[in-house]
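Here is a friendly walk through one protein model, written for someone who likes to know what packs against what. Please keep the sequence and the 3D view open as you read.

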Amino acid sequence: MPRSEVCELCASSEDVTLLELPVSDGSEEQSVYVCRTCKEQIENDELDETHFNCLNDAMWSEVPAVKILSYILWNRLGRGDMTDMMYLEEEEKKLADAAINAEANKVVFRDANGVELKAGDSIVILKDLDVKGAGFTAKRGTTVTRIALPHDMDDHVEGRVNGTKIYLKTEFIKKA
């Protein structure tokens, strides 16, 4: 059977698409064919360990990208016992470790309730905040749309209130 007809992780044939490895140059050699279920769980980082028992077989694949993704997913699931059993070529191991390190260093922005924020989200201000240098107060209950996430400050978001660009501490906002 050609590679593209079934999920290379769980062998499902439902809505199979190509998924690039987290550290990929965009070539098909660094991509894995996955079903909708696997893809959604991988992209949302909400892995159902019962579903991913399929990795018991996938981790022995002859396709390097499938082995690398299996290693990454076992790592996300906290299954060191499984990663210890795997054999990866030196280059495959480097790619897998690079992806794992990139995930570990990824900055996650969270609001006052611990909900993850993404660029473009709308937020609500939780208390009146004096805006330094602008001469106004950002009032509690104000909705700020299309926020940006600055790369140099992981505890602030950027938005516009009264037409003025301001930075808001994440402890004083919640996702709308």
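The largest nonpolar core has 31 residues, and those with the most contacts inside it are Leu-9, Ile-42, Phe-52, Leu-69 and Leu-73. A nonpolar core here is a set of buried Ala, Val, Leu, Ile, Met, Phe, Trp, Tyr and Cys residues joined through side-chain atoms within 4.5 Å. Buried means under 20% relative accessible area, exposed means over 50%, and partly exposed lies in between (1.4 Å probe, protein chains only). At least two residues of this core come from each of β2 (31-34), α1 (36-44), α2 (55-58), α3 and α5. Helices (H or I, at least four residues) and strands (E, at least two) are DSSP runs, numbered from the N terminus.

Before going further, a word on the model: it is predicted, local features need pLDDT of at least 70, side-chain atom pairs count only at pLDDT 80 or more, and totals for chains, interfaces and linings use all residues. Residues are numbered from 1 along each chain as its sequence is written, and side-chain values use heavy atoms, with hydrogens and water left out.

Which residues does Leu-73 touch, leaving aside its neighbours within four places in sequence? They are Leu-9, Ile-42, Leu-47, Phe-52 and Leu-55, where contact means heavy atoms within 4.5 Å. A second, separate core has 15 residues, including Leu-117, Ala-138, Ile-147 and Leu-168. In soluble globular proteins, nonpolar side chains tend to be buried together.

The chain is also divided into domain 1 (17-105) and domain 2 (122-175), with bounds from an automatic or database domain assignment. Their C-alpha centres lie 37 Å apart.

Now to helix α5 (residues 90-105). Its 16 residues reach 22 Å from first C-alpha to last, close to the 22 Å expected at 1.5 Å a residue; the expected span is 1.5 Å times one less than the number of residues. Glu-92, Leu-95, Ala-96, Ala-99 and Ile-100 are buried in α5. Seen down the helix axis, these buried residues fall within an arc of 130°, so they line one face of α5; the arc is that of the directions from the axis to the C-beta atoms. On the other side, Glu-90, Glu-91, Ala-104 and Asn-105 are exposed. The cover over the buried residues of α5 includes α3 (64-76).

Lys-67 sits in helix α3. Leaving aside neighbours within four places in sequence, Lys-67 is in contact with Met-59, Ser-61, Met-86, Tyr-87, Leu-88 and Glu-92.

How many disulfides does the model hold? The count comes to zero, a disulfide being a pair of cysteine sulfur atoms within 2.5 Å. The sulfur of Cys-35 is 3.5 Å from the closest cysteine sulfur, in Cys-10, which is too far for a bond. Cys-38 is in no disulfide either, with the nearest cysteine sulfur, that of Cys-35, 3.7 Å away.

The table gathers accessibility for several residues.

| Residue | Relative accessible area | Class |
|---|---|---|
| Cys-38 | 0% | buried |
| Cys-35 | 2% | buried |
| Lys-67 | 11% | buried |
| Val-107 | 44% | partly exposed |
| Asp-152 | 67% | exposed |

Val-107 is found in the loop between α5 and β3 (109-110), and Asp-152 in the loop between β8 (143-144) and β9 (156-161).
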